[in-house]
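Work through the exercises below with the sequence and the model at hand. Each task is followed by its solution.

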Amino acid sequence: MSLKRKAADITAEAAKKPKSNGSITSFFGQPKPNPETSSTNPSHPTSSPTAPATEPVKFDKDAWLAKLTTEQKDLLKLEIETLHESWLSVLKDELIKPSFLSLKKFLMSEVTSGKKVFPPSEDVYSWSRHTPLPSVKAVIIGQDPYHNLNQAHGLCFSVRPPTPAPPSLKNMYKALKIDYPDFKEPPKNGGLLTPWADRGVLLLNTCLTVRAHEANSHANKGWEQFTQRIIDIVAEKRRKGVVFLAWGTPAQKRCTKINGSKHLVLKSVHPSPLSAARGFFDCGHFKKANEWLEERYGEEGAIDWNLDVAPEDAGV
């Protein structure tokens, strides 16, 4: 396929600057929901027929809300207002489990005690809005969100301009250039991956939040169970098959229950500088993913991996 397709517009969500999360209001009180996104590629809208089909989900959000207690509504305000409805409809039972409500109480305590939490509240579920469930073609599984300013915005491995691409992402670019010599990186050494998300690549971290400047500080608080459910739902609902890119042992453990006859699971070492030289650069995953998608869905089912979208075009 031709790898070079211009991504004409990226949603306003990508342009938002991270905000300080110094109060409970900033994290839970007034989240700013972002609009539903469509594909950056006009030939691949979010409801693209080339995306693997899934059953339409009938979901009465108002009826579900009416069943929630006042405490549940308070704790789940962020999910209610910013989680894309295609995901909310299939995750609603997970949200009211004691384990998830306990996680939300922990996050509330972090904020009320004056801790900064990344990504900004409105971006915690940006993956769901950039990549609604019916549009998922591939899943890249990350670990912990970036924990410094102007980095994490809800998509694994992705950072906003003007933050330069982190080392692991730069190694992903190197692997892409091996698979596709005409691959185009983001301008100005950037690392914005919203074009991938808008084209059906679910960029999901195992933990969705982190305390500022403290890596893995929100590990083992409940996010792992929640994001595992997301992965399982993709495997269950996207019955015609998607590609899971599992880099590193933690990501591979997330894919152990996936039906290999229905989906493609690509495993490699992590792209981190600590491990990439042990097989990541020549793993060929980006090309293998497209070859598998093309075989199942035709040429238009493949993913445009190009990222040459100017920040001004993205509204950044």
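A crossing is left-handed if the near helix is turned anticlockwise from the far one by less than a right angle, and right-handed if clockwise. Helices (H or I, at least four residues) and strands (E, at least two) are DSSP runs, numbered from the N terminus. The model is predicted: local features need pLDDT of at least 70, side-chain atom pairs count only at pLDDT 80 or more, and totals for chains, interfaces and linings use all residues. Residues are numbered from 1 along each chain, and side-chain values use heavy atoms, without hydrogens and water.

**Exercise 1.** Describe how helix 6 packs on helix 11.

*Solution.* Step one: the axes (lines fitted to C-alpha atoms, for helices over the stretch in contact; angles run from 0 to 180 degrees between N-to-C directions) of helix 6 (residues 85-95) and helix 11 (residues 223-237) come within 11 Å and cross at roughly 135°. Step two: helix 6 is therefore oblique to helix 11, as angles under 35 degrees count as roughly parallel, over 145 as roughly antiparallel, 65 to 115 as roughly perpendicular and the rest as oblique. Step three: the crossing is right-handed. Step four: the contact (heavy atoms within 4.5 Å) involves residues including Trp87 and Leu91 of helix 6 and Phe226 and Ile230 of helix 11.

**Exercise 2.** Give the strand order of the open sheet and find its edge strands.

*Solution.* Step one: the four strands follow the order 3-2-5-6, with parallel pairing; strands pair if DSSP finds at least two bridges between them. Step two: strand 3 (201-205) and strand 6 (264-268) each pair on one side only, making them the edges. Step three: the twist averages 20° from one strand to the next.
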